[in-house]
Structures are given as C-alpha cells and as structure tokens.
Amino acid sequence: MRNFLIWLIVAAGLIALPHTLSFSLQEILVFLVINVLLVVSYRLLTLTGEWSLGHVVIMGVGAYTSALMTKRLGVYVPVSMIMGALMAGFVAFLLSFPLFRMKGFYFLIGSFASAEIIRLLWKRFREPFGGPKGLKRIDSLADINIGPIQVDFFEPVAYYYFALIVVAVCLWILWRIEKSLVGLTFHAVHWQDKLAQASGVDLRRYRTLAFVLASSFAGLSGALLAHYIGTINPNSFDVELMVFVLTWAIVGGTATFYGPILGCVVLTLLNEVVLREMGFQQMRPLIYGAIMIGSILFLPDGLESLVKRAMAAWKRRSTPAAEPGKESA
Amino acid sequence: MLDLLLQTGLNALYSASYISLVAVGLVLIFGVMGIVNFAHGELFMAGAYVVVALYSGFKLPYLLVAAIGLIFVGCLGLLMERTMFRPLRTNPLGGLVASIGFLMILQALASMTFGVRMAFVPPVTQEVIEFSERVRLPVQRLYVILAAFGFLTLLWLFLTKTRFGWALRASAQDPEAAALQGISINQTAKIAMFIGAALAGIAGVLTAPLISVNPHMGHSVIIAAFIVAIVGGVGSLEGAVVASVAYAFVHTFVTTFFDGVIADITGLSLMLIVLIIKPTGLFGTADRA
C-alpha cells in the first residue's frame, strides 16, 4: 500500500512536471526521458560484465531504421519504432558473433570498431542513409483529432507524455527481466562465470541475450529520439554521446536499477540547467570532465552508494532494533 | 603510375612515423599500468598547441619549442599518473573513465585559450626534395620521419640497455614479480607515463606545421593508435611499430585510390578481423584484458 502511494505521487509529479517548466526546459525533459531508457538498457548489457562502446550507434540503428521506414515505406510511426527496435536487436545479434569472441578490453575496442564502421557507412552512403547530412523531415507521430481531444505531437509536452508512457513500460519490462531467472543468470555470468558454466549455463548465449535485449531497447530510444527531433545524422550518434552514456552509468553506479537513472538525471540537470544558467558555456566540458574524475576518485561506487547509505541511516533511526543483515537489495 | 605509387609510399611513411610515436606511447602505458589512456590523442593535441603558443606566438626557435613541448606534455603525463591513475590502480575501468574526463578538460582548455578554429602555424622550412617531377618530399615531413626513427631507437636502447628500462619491462611482464624484486611500481608507472605522454607530445609538435591544429585533432589520431595497438598486439612495442607502418600504408593507399571514409572503414575492419582471428592481436603475448 505504501509503495503504491509512493508510485502514485511519483506519477503525479511526472505528469505535472512539464507544466511548471519553460519551453526549452520541456525540450530537455523529453531528451532526458529518452536518455533514461538508453542508459538503463546500457546497464542491462553491463550486468553480464561487458562494457560496450557501441551502444549509441546501436541506438542510431533504431533511429535510422524507424526514420527510413516512415520516409520510404510509409509505415505508421509507432509501428516503425518497433521495427527500429527489432532491427537494432538483429544487428546486435549479428555483431555478437565476432564480438563475443573477445572479452574485457578487447570487447570494448571491438565494439567501438564495429560501431564506428556502421556509423561511417551511414556517412559514406548517401543512398539510403543521406550521407553526412543525414535524414531530414522525419515524420512525427500523427496528430490525434478525436472530437474534443486534439494532440499535436510537435508540442514537447505531448511528446513527453508519449515518451514517458513508452519508457515507463520499457523500464517495467527491464525490471521484470532483471528479477527473473534470466536476470539472475546474467549476474551469475558476470560474477561467477566458471561456476555458472559448470552448472550448465551457456555463457555465450546469455551474453548474447543480454546484448540483444539491451540493444533492442536502445534502438527504441533511438526511434523515439528520431521522431522527436525530426532530423538525424551520423554525428548524432558519435563517441561523444557514448561518453556521456558511460559517464551517466558510472557516476550513477551500476549495482542497482536506479543508479544509472540517478546518474543520468543528476548530470543532465547539472550540465543543461545549472552550468548553462550560470553562463559557463565554454567551460562546461571542463567542469563536466572534472566532475567525472572527481566522482570516479571519491565516489567509486557511484551516486547510488550515497542513496544506500542514506537509506541505511534512515532505517537505523526509525527502527533502532532492526536486525542487521536484513536489507532489501 | 609508378610516380603515384612512390609518392603515396612517401606519404604513408610520413604518417607511419607520427602514428607509431603515438601508438608506442599508448602501448607502453597500457603495458606497464594496464590502463587504456583515452586522453592520448589530446596529449598529441597539447604538443601541437605548444607549437601554436610558443612558435607562432612568441617566435621561439623551433628546436627549443620542441624540447619544451616534449617536457611539458611529459609532465602532463606525470600529472595524470599522480592524480588519477595511481589512486585508481585497482580499478582499470575507473582509469579509463578518468582519462576521458581528462580528455574533456584538455579539449575545453584548448578551445578556451586558442578558440575552436584551426590555428595557423608557419612552416618551419619551405624546402622540398624533388626525386622526380611528381615525387616530392617536403623537408618538414622528412624531419618527422627522422625524428620518429630517432626517438624510437632511443626508446629501444633505453628499454634494452638501462636498468630503468629493464625494470619497466619487468613490471610490464609481471607487476607482482617485479615488485617482489624490489622494483618500485610507482616509479616505473611514472617513467612509463612520462615517456608515453612525451612521445605523443613530440608527435604533436612535429606534425603541427603540417596538419590542421584544432581542439578536436586528437580524435582521428587516437583511433589510428588504437587500431595499431590492437593489430600489433597490446603490450608489444615492436608490434606497434610494424602495425603502424602497415596501417599507414593501407590507409594512405586507400585514401589516394578511393576516399578517406572508405580508408577509415578499411582500417577498422582490419582491426576487427585481427580481433576475430586472434583476440589478443597479431604479436600479442601478454594477456592483460
């Protein structure tokens, strides 16, 4: 009951939020929602212990597929988004054959190389990818006109609600996956790979599964992005964005489900709102870089470790006789 | 046709020279410290900006500027070692992220001080050696080739003939055994970081008059260096040099006969193929993934 109330308050807050913001902040809010899906899907991949540098390009695969579907084949937008997600998953499946021969550092570099090849192909081939200028005038969601209800998805607020619902459903699915037997196996593959293998777990298959699932959700987030901004090009999915995703995950922490979300929200607020308002336009990367170094040095377990500590302190104060060792993870 | 081949070969030799300087530094740092230094391209950029500031700005003699650039970028490396890589020694992923943070700081500092536009560097020498009518080698490029050869020879002598060099190779092969022999890990890390950074810096100093100097120039160099490091086998300096030459020839020839993007794709595909066939690189022996 208490949990239900908390969720209700969170939902009410998220619904009311855009109406309190200026237009430019509403736009940032839409990006934030899309990025939350991106970084949470990235965490699913890291559960098996592999850190990829190709996630953002995989997101771009979803964006390009969905955009091309609507532009060339006239597929309706929500359907094309699902196609984008499936395509991203399929590309990840193909990439898994070469990539999962590698581990650790080699996987990192291999994923970077294969992603960069895909990105350069978009850049090289004007037909159908639009070359360096990319794709323009991508359809947004069709307007809804049913009697008194009129929704124009060019409005950030309307698109925000759409994205919010999609992302919320995806986060719920990702949460269920992690809590399922499959999710527990992902953890085993990371922390006890020898033992898992000895118990009959096919490591390669579970790594591939995590990679494909994570990539599909990344592809969906890319499709959401493409139909919102209406124009995509190879540089929208370059290493710079990948670095941001990596930072969100690491500054937030990847041990918990909410860690990366926390990192994404806090750093986006800091980068887009605080530093921009303070007029540090040119210094923003400098401060951002300093924060990255600082957080990895002084907060190696991420922002989530602060939340954990605060919650533990809260519990101790409210129930002094709480038995130790009984903490819900 | 023969002229074109010879000219492209000379161009390839030139790019092999500065790529190998950068890549050898990257491999040395990875070998000794186990850290992937993503900021290595920005150390190259820092070297080029030393030239912009002191040579085009204050008109100091080029050789002096080169010496200052070498030491300055080397000290940047020491700074990185002391403030980031030493505390993060047990956390390789952390070292990688910290180096990305350092990269952003260096880029921001460069664009704040010098602007984001291309900086002008006057040529050191205008002379051109003409082998034939269509095969020409600007003397400035010859300097880069000779300097790369000289510095790599010096590094090889240092690593094989001096006690510090032996210590460095020992810690690269087996850090624990090296520590048990009384080799200070902090000291070898400092030496490796200084040399690795200084090599990237001198590559930047040497090429600054020849390429466009801007705050994002490190990007393409670091990708080339990664490809070379992987193809050559991580931890193998000889491999890195051989792979630099191979990569530069392939890249330059594909750029000349097709175009730059295809050349980039070819380079990356080569690296992927090497990784697929032999996931530790062609010359790789050390397994430190």
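**Two chains, one interface**

Q: Where does B:K59 sit in chain B?
A: B:K59 is in the loop between α2 (40-57) and α3 (62-85) of chain B. Helices (H or I, at least four residues) and strands (E, at least two) are DSSP runs, numbered from the N terminus.

Q: Before we go on, what kind of model is this?
A: This is a predicted model, where local features need pLDDT of at least 70, side-chain atom pairs count only at pLDDT 80 or more, and totals for chains, interfaces and linings use all residues. Residues are numbered from 1 along each chain as its sequence is written, chains are lettered from A and ligands numbered from 1 in the order in which they are written, and side-chain values use heavy atoms, with hydrogens and water left out.

Q: Back to B:K59. Is it buried or exposed?
A: Exposed, with a relative accessible area of 62%. The cut-offs are under 20% for buried and over 50% for exposed, with partly exposed in between (1.4 Å probe, protein chains only). B:K59 also has a positive phi of about 60°, although it is not a glycine.

Q: Which chain A residue has a positive phi of about 50°?
A: That's A:R137, which is not a glycine either. A:R137 belongs to the loop between α6 and β1 (144-146) of chain A, and it is exposed, at 73% relative accessible area.

Q: Switching topic: how much area is buried between chain A and chain B?
A: About 3,500 Å², and carbon and sulfur atoms give 85% of that. Buried area here is the accessible area (1.4 Å probe) that two parts lose on being put together, summed over both. Chain A puts 34 residues into the contact and chain B 42 residues, where contact means heavy atoms within 4.5 Å.

Q: How many salt bridges cross it?
A: The rule finds one between chain A and chain B. The partners are B:D259 and A:R124, at 2.8 Å, N to O. To count, a side-chain nitrogen of Lys or Arg must be within 4 Å of a carboxyl oxygen of Asp or Glu.

Q: Which parts of chain A touch chain B?
A: α5, α11 (239-252) and α13 (284-298) of chain A each supply at least two residues of that side. The largest share, 13 residues, comes from α5(A). By class, the side of chain A that touches chain B has 26 nonpolar, four polar and four charged residues. Ala, Val, Leu, Ile, Met, Phe, Trp, Tyr, Cys and Pro count as nonpolar, Asp, Glu, Lys and Arg as charged, and the others, Gly among them, as polar.

Q: Why call α5(A) largely enclosed?
A: Because 17 of its 21 residues are buried.

Q: What span should that helix have?
A: At 1.5 Å a residue, helix α5 (residues 104-124) of chain A should span 30 Å, and its end C-alpha atoms are 30 Å apart, which agrees. The expected span is 1.5 Å times one less than the number of residues.

Q: What does A:A113 touch?
A: B:L268, B:M271 and B:L272, not counting residues up to four places away in sequence. A:A113 lies in helix α5 of chain A and is buried, with a relative accessible area of 0%. A:A113 and A:L53 are 60 residues apart in sequence, yet 8.6 Å apart in space, C-alpha to C-alpha.

Q: Last one: which residues does a cis peptide bond join?
A: A:E127 and A:P128, with omega about 5°. A:P128 is in helix α6 (residues 126-129) of chain A.
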